[in-house]
Amino acid sequence: MITHFVKANPVFVIAGIAALLSMLFVPPNPGYFSYIDWRTVGLLTCQLIIIQGLMESGAIKLISSRIVLKAHTTRSLSAVMIFTCFFVSMLVTNDVSLISFVPLTILMLSSAGAKDLLIPVVVLETVAANLGSMLMPFGNPQNLYLFNLSGMSGISFIKIMLPFALISFVLILFSCLFLPKRDIKQKPDGAKMFFGKGEKVEIAGSLFLFLLCILAVFHIGNVFTLLVLCIIFFLIADRKAFRKVNYVLPLTFIVFFILTGNIQALPGFSEALSNFIGGHEMITAVLASQVISNVPAAMLLSSFTGDYHALIVGTDIGGLGTLVASMASLISFQFYCGVEGAKRGKYILEFTVVNISFLAVLLISAIFFHGTS
């Protein structure tokens, strides 16, 4: 059981060990509580609970299956699923987008006799989810954190990331043109799904809470009042949603807040790191993401620089590259590994080639728009 937990949550475990080691140099004290950005943790928890409620109600599955009904060839099906991941991730995060659509893609392509397309399509879905999520402040955890920390307006955030989202859209569209075009006949069973009264209430309540969550991201409304409302609603409507929420993610944030807070409390080390990062925030964020993934990179680097603009760009495009650059990428990989006859080595090779190609174009674009920082 412990081994399974470690394998499923490597970032949390490693960060936890690092935080414990940092306590040897900065013993636990009341100041630890000031390290933690409770607003970000609260927002993230609300978002996770609400989206889990939407998933449990079947709303996301119904939407996805209805979208797939529009496809008639392997290329159109693949493109629909890829761009659905791209756009849906803007609202429900890259993780949830992949959890919702990758299994359906595997089912549909397998049923259509197109298992040979699984690797390129799932890889492009993963890229699309990671890139689509970067447009909105609530599209992924690092955006939510950096947006809240920076104090910038929502419009300002979108203006920063819009050029990259447009470039990403064009790159994904171009990539889809290379997918084979074959007729398909199989349609998803989920297209015939019906909702009972309880499910309709859960969907309506979840959507209302999701709207409140978006408003809270933009500092309209109290985050902790929203959290209480989420808890009360789902205790009544669907307690099962609580059990399936990935609480490790907000706990990972808390652990990283403690770790970075303790690092900052070490004057010599903190100053040296700030000098090293200064003027190279974007490139440092991209490189750090390749090793520790973009969420931890955002949290660590934000403690040593105030150039949040560069960090947002760097950690978002830094989600491309290695398989661990974005933890959401591991979700797709795990789904693919569950397919009979999965070719893990081929997947990783194709994933790396595609991701590095996208990363190269976007990094050059970032340097053009924002300089070398």
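Colleague: How many disulfides does a search of the whole structure find?

Modeller: This is a predicted model, and a search of the whole of it finds zero disulfides.

Colleague: Are Cys46 and Cys230 buried or exposed?

Modeller: Cys46 has a relative accessible area of 0%, and Cys230 has a value of 0% as well. Buried means under 20%, so Cys46 is buried and Cys230 is buried.

Colleague: Which residues of helix 11 are buried?

Modeller: Cys230 is one of them, along with Val223, Leu226, Leu227, Phe233 and Phe234. Seen down the axis of helix 11, these buried residues fall within an arc of 135 degrees, so they line one face of the helix. Among the elements that cover them are helix 4 (38-57), helix 10 (197-217) and helix 12 (239-244).

Colleague: How do you know that the span of helix 11 is close to the one expected?

Modeller: Helix 11 covers residues 223-237, which is 15 residues. From first C-alpha to last it reaches 21 Å, and the span expected at 1.5 Å a residue is 21 Å. At the start of this helix, a side-chain oxygen of Asn222 comes within 2.9 Å of the backbone nitrogen of Phe224.

Colleague: Why does Gly16 count as buried?

Modeller: Gly16 has 18% relative accessibility. The cut-off is under 20%, so Gly16 counts as buried. Gly16 belongs to helix 2 (residues 10-22).

Colleague: What is the phi of Thr93, and where is Thr93 found?

Modeller: Thr93 has a phi near 75 degrees, a positive value in a residue other than glycine. Most residues other than glycine have a negative phi. Thr93 is found in helix 6 (residues 74-111). Its relative accessible area is 8%, so Thr93 is buried.

Colleague: What is the phi of Ser293, which is not a glycine?

Modeller: Ser293 has a positive phi of about 80 degrees. Ser293 sits in the loop between helix 15 (281-292) and helix 16 (294-301). With a relative accessible area of 0%, Ser293 is buried.

Colleague: Why is the pair of Phe147 and Phe157 called edge-to-face?

Modeller: The count of aromatic pairs comes to 17. In the pair of Phe147 and Phe157, the ring centres are 5.8 Å apart and the planes are at 90 degrees. Pairing needs centres within 6.5 Å, and planes over 60 degrees apart count as edge-to-face, so this pair is edge-to-face. Phe147 lies in helix 8 and Phe157 in helix 9 (residues 154-176), so the pair ties together parts that are 10 residues apart in sequence.

Colleague: Are Phe147 and Phe157 buried or exposed?

Modeller: Phe147 has a relative accessible area of 2%, so Phe147 is buried. For Phe157 the value is 0%, and Phe157 is buried.

Colleague: Which residues does Met136 touch, not counting residues up to four places away in sequence?

Modeller: Met136 touches Met90, Asn143, Phe157 and Ile158 on that count. Met136 is placed in the loop between helix 7 (118-132) and helix 8 (141-150).

Key. Residues are numbered from 1 along each chain as its sequence is written. This is a predicted model: local features need pLDDT of at least 70, side-chain atom pairs count only at pLDDT 80 or more; totals for chains, interfaces and linings use all residues. Side-chain values use heavy atoms; hydrogens and water are left out. Helices (H or I, at least four residues) and strands (E, at least two) are DSSP runs, numbered from the N terminus. The expected span of a helix is 1.5 Å times one less than its number of residues. Buried means under 20% relative accessible area, exposed over 50%, partly exposed in between (1.4 Å probe, protein chains only). The arc is that of the directions from the helix axis to the C-beta atoms. Contact means heavy atoms within 4.5 Å. A polar contact is a pair of N or O atoms within 3.5 Å; within protein, one must be able to donate a hydrogen and the other to accept it, and residues adjacent in sequence count only if both atoms are side-chain atoms. A disulfide is a pair of cysteine sulfur atoms within 2.5 Å. Rings of Phe, Tyr and Trp (its six-membered ring) pair if their centres lie within 6.5 Å; planes under 30 degrees apart count as stacked, over 60 as edge-to-face and the rest as tilted.
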